[in-house]
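Please look at the sequence and the model shown here before reading on. The dialogue below takes the features one at a time.

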Amino acid sequence: PLGIYSEKLKDIKDLKDGAKIGIINDPTNQARALNLLADNGLIKLPKDEKQQKVSVIAKSKEYNPRGFELPEVEGPQLVRALADVDIAVINGNFAQLGGKEPADALILESTENNPSLNILVWKKDSEKVEAIKKLDTLLHSPEVKAFIEKTWPNKAVLPGF
């Protein structure tokens with residue numbers, strides 16, 4: 001799950017107006033990051049989804065009433081950027097690679113009804129359809145769920161089924 005991490009704060013309530021919030025620069029994950037900030041009352045999102053971008057929100061008193069700076073950062077660099085920002089919204093895989101665990105996050109994205117899952121996708125090929133169906137069944141098995149939960153007891157990876 002996406003998380004809000006900090007090296008400077010122990011509680012999100014201590015975030016001051018005008019603080020610097022590192023945001024991932026890729027559009028898909030940026031939307032998730034902005035939603036996490038909005039869900040926690042830090043910013044507001046425009047109703048028009050096309051306007052739900054850092055470039056719009058950062059300059060707007062309506063959507064960013066606390067005047068946060070929202071520098072965009074490459075995803076893999078966000079953990080390293082923690083020293084330069086007050087908080088950063090970081091994807092779980094990048095947080096994990098940077099030595100962070102879900103327990104280190106001030107806030108974690110909810111996994112309930114979360115549309116951001118890894119899914120199995122393949123190019124249609126009639127010779128492989130049965131094999132892909134079998135793989136799909138196996139990937140959603142109780143054994144795989146148990147493997148994920150055992151391998152990542154810190155919940156850095158969660159089964160979405």
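This is a predicted model: local features need pLDDT of at least 70, side-chain atom pairs count only at pLDDT 80 or more; totals for chains, interfaces and linings use all residues.

Q: How many helices and strands does the protein chain have?

A: Helices (H or I, at least four residues) and strands (E, at least two) are DSSP runs, numbered from the N terminus. Here the protein chain has 6 helices and 5 strands, in the sequence pattern β-β-α-α-β-α-β-α-β-α-α. Its C-alpha atoms fill a box of roughly 55 × 35 × 25 Å along the principal axes.

Q: In what order do the strands stand in the sheet?

A: Two strands pair if DSSP finds at least two bridges between them. In this structure the open sheet of 5 strands has the order β3-β2-β4-β1-β5, with mixed pairing. Strands β3 and β5 stand at the edges with a single partner strand each, so one side of each has no neighbour in the sheet.

Q: Which strands pair with β2, and are its faces covered or uncovered?

A: Strand β2 (residues 21–24) runs parallel to β4 (residues 87–90), joined by 2 bridges, and G22 stands opposite A88 of β4. Another parallel pairing, also over 2 bridges, links β2 with β3 (residues 72–73), where V73 is the bridge partner of I24. A residue is buried under 20% relative accessible area, exposed over 50% and partly exposed in between (1.4 Å probe, protein chains only). Both faces of β2 are covered, with I21 and I23 buried on one side and G22 and I24 buried on the other. Buried residues make up 34% of the 161 residues in the protein chain.

Q: Where is E109 found, and what does its side chain contact?

A: A polar contact is a pair of N or O atoms within 3.5 Å; within protein, one must be able to donate a hydrogen and the other to accept it, and residues adjacent in sequence count only if both atoms are side-chain atoms. E109 lies in the loop between β5 (107–108) and α5 (129–139) and is buried, with a relative accessible area of 12%. The side chains of E109 and R32 are joined by a polar contact of 2.4 Å. The C-alpha atoms of E109 and L36 are separated by 6.4 Å, although these residues are 73 apart along the chain.

Q: What share of the contacts joins residues 24 or more positions apart?

A: Contact means heavy atoms within 4.5 Å. Of the contacts in the protein chain with a separation of 6 or more, 67% are between residues 24 or more positions apart.

Technical notes: Residues are numbered from 1 along each chain as its sequence is written. Side-chain values use heavy atoms; hydrogens and water are left out.
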